[in-house]
Amino acid sequence: MVDLTMEMAQLWASLRPASPVHASAPQVIQFVAATRGEGTSTIAREFARFAAARARRPVWLIESDLTAGVQHREISEHAHIYGPLGRQTAASPDGSCFFTVEPPALAPDGRPWPAMRYLMAFPVAHPMGGPGFWVTRFRREALRPGQAAQLLPTADYWNALRRHAERIVIDSPSADHSIAARTLAPVVDTSVLVVAADRGDPTAASQLKSALIEAGGKCAGVMLNRTPADAAPQRGRGG
């Protein structure tokens, strides 16, 4: 059992805007590692949980690895820690989406099925209360043979969600597995690089940082993950 409260508190403080006036300004924060197995999903989820207990407005946790479904599964399986999931609802406030599905499926009326219909949001009844904690799930079971989802390098969805959230936490797949992080880098506020303390490759992390910056993104720094890969979550102190 691992308690990451201290690490999340430090990360929360380092990512908050310096000016108190902008402390609640919406932020879109991407978490990514250079290689698989460095614990990005754990760090992103724990940060979102920590933020949800402290933010003045809702916190959203979104996976850009659409077919993984890790975050929704982990939260639903550990409801005693994160809180039970509520009834699903649409994950887009205005119909925009951060991905497209090709080739598009057709609705009964002959129109293309909107991409937003593949993404659902679930409220999490956070044990510490707060204004709201949401996690999304991509409906991969709705994909038809031959269809695939592809991320869009546009800010429309993220800007629409900013109006309803204080922190939007994106769990992106590792750079050796996907180009998702580079695709999203220019449209998020910042990226946090996750490096496993016991097996991370500093050179690969440095190369990833350079790649994200070259893509037009910003990097807030490195989160050194000391959590064992198979460690179970633990209810944190005050979070």
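In this predicted model, Glu141 makes a salt bridge with Arg139, and the closest N and O atoms of the two sit 3.9 Å apart. That pair just makes the list, because the cut-off for a salt bridge is a nitrogen within 4 Å of a carboxyl oxygen. Arg139 itself is partly exposed, with a relative accessible area of 24%. Glu141 also has a salt bridge with Arg137, where the closest N and O atoms are 3.1 Å apart. Arg137 is partly exposed too, at a relative accessible area of 22%. Put together, Arg137, Arg139 and Glu141 end up in one network, joined by salt bridges that share partners.

The count of salt bridges comes to six. Another of them brings together the side chains of Arg49 and Glu46, at 2.6 Å from N to O.

Next comes helix 3 (residues 70-77), where Gln71, His72, Glu74 and Ile75 are buried. Looking down the axis of helix 3, the buried residues fall within an arc of 170°, so they line one face of the helix. And what covers them? The cover for the buried residues of helix 3 includes helix 2, strand 2 (59-63) and helix 4 (79-82). It also includes strand 5 (119-123), strand 6 (133-138) and strand 8 (167-171).

Now for the rings. A pair of aromatic rings is described by how far apart the centres are and by the angle of the planes. The structure holds 11 aromatic pairs. In one of them, the rings of Phe98 and Phe99 have centres 5.2 Å apart and planes at 85°, so this pair is edge-to-face. Phe98 is buried, with a relative accessible area of 1%, and Phe99 counts as buried at 1% relative accessibility. Phe98 pairs with Tyr157 as well: the ring centres are 5.3 Å apart and the planes stand at 50°, so that pair is tilted. Tyr157 is buried, with a relative accessible area of 1%. Phe98, Phe99 and Tyr157 belong to one aromatic cluster that also takes in Trp113, Tyr118, Phe138 and Trp158.

Finally, there is the sheet. Strands of a sheet pair through backbone hydrogen bonds, and they can do so in a parallel or an antiparallel way. In this structure, eight strands form an open sheet in the order 3-5-6-2-8-1-9-10, and the pairing is mixed. Which strands stand at the edges? They are strand 3 and strand 10 (219-225), each with a single partner strand, so one side of each is left without a neighbour in the sheet. Further in, strand 5 and strand 6 pair in the antiparallel sense over five bridges. As part of this picture, Pro123 has Trp134 in strand 6 as its bridge partner.

Methods:
Residues numbered from 1 in each chain as written. Predicted model: local features only at pLDDT ≥ 70, side-chain atom pairs only at ≥ 80, totals over all residues. Heavy atoms only, no water. Buried < 20%, exposed > 50% of the residue type's maximum accessible area, 1.4 Å probe, protein only. Helix = DSSP H or I, 4+ residues; strand = E, 2+ residues; numbered from the N terminus. Arc of directions from axis to C-beta. Contact = heavy atoms within 4.5 Å. Phe/Tyr/Trp six-rings, centres within 6.5 Å; stacked < 30°, edge-to-face > 60°. Pairing = 2+ DSSP bridges.
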